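The following exercises concern the structure shown below.

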Amino acid sequence: MLVVTNTGPVIPPYEVAGLFEPFRRLDTTRIAGAGGAGLGLSIVRSIARAHGGDVIAVPRDGGGLTVTVTLPGADTNESARMD
């Protein structure tokens, strides 16, 4: 599990799911600039799911998000077979 907390504008809970869509930003603009292109969370979600995990984001009081990425644990039998 990896937990990342950031600061930023206040994000209404109903906006969080949309932030995982490619090119979606909180301000709804689709123009890349200083605020980024709106790809970060969609890339994180794709990578997590490709490895059998998932990601959730929760708005923080006062602004920003807490993003939690969960991945399955290593298969201990796999490492034992490599010996």
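The coordinates belong to a predicted model.

**Exercise 1.** Determine in which order the strands of the open sheet are arranged, and which strands stand at the edges.

*Solution.* Step 1: the open sheet consists of 3 strands, with antiparallel pairing and the order 1-3-2. Step 2: strand 1 (2-5) and strand 2 (54-59) each have a single partner strand, so these two stand at the edges, and one side of each lacks a neighbour in the sheet. Step 3: on average, neighbouring strands are turned by 15° against each other, direction ignored. Step 4: strand 1 pairs with strand 3 (residues 65-70) over 4 bridges, and valine 4 has valine 67 in strand 3 as its bridge partner.

**Exercise 2.** Identify the elements that give two or more residues to the largest nonpolar core.

*Solution.* Step 1: this core comprises 11 residues, including Ile11, Phe20, Leu41 and Val67. Step 2: helix 1 (40-50), strand 2 and strand 3 each give two or more residues. Step 3: strand 3 gives the most, with 3 residues.

**Exercise 3.** Classify glutamate 21 and arginine 45 as buried, partly exposed or exposed, and describe how their side chains meet.

*Solution.* Step 1: glutamate 21, at 35% relative accessibility, counts as partly exposed. Step 2: arginine 45 has a relative accessible area of 18%; buried means under 20%, so arginine 45 is buried. Step 3: their side chains form a salt bridge at 3.8 Å, N to O. Step 4: glutamate 21 lies in the loop between strand 1 and helix 1, and arginine 45 in helix 1, so the pair ties together parts 24 residues apart in sequence.

Note on methods: Residues are numbered from 1 along each chain as its sequence is written. This is a predicted model: local features need pLDDT of at least 70, side-chain atom pairs count only at pLDDT 80 or more; totals for chains, interfaces and linings use all residues. Side-chain values use heavy atoms; hydrogens and water are left out. Two strands pair if DSSP finds at least two bridges between them. Axes are lines fitted to C-alpha atoms, for helices over the stretch in contact, and angles run from 0 to 180 degrees between N-to-C directions. A nonpolar core is a set of buried Ala, Val, Leu, Ile, Met, Phe, Trp, Tyr and Cys residues joined through side-chain atoms within 4.5 Å. Buried means under 20% relative accessible area, exposed over 50%, partly exposed in between (1.4 Å probe, protein chains only). A salt bridge is a side-chain nitrogen of Lys or Arg within 4 Å of a carboxyl oxygen of Asp or Glu.
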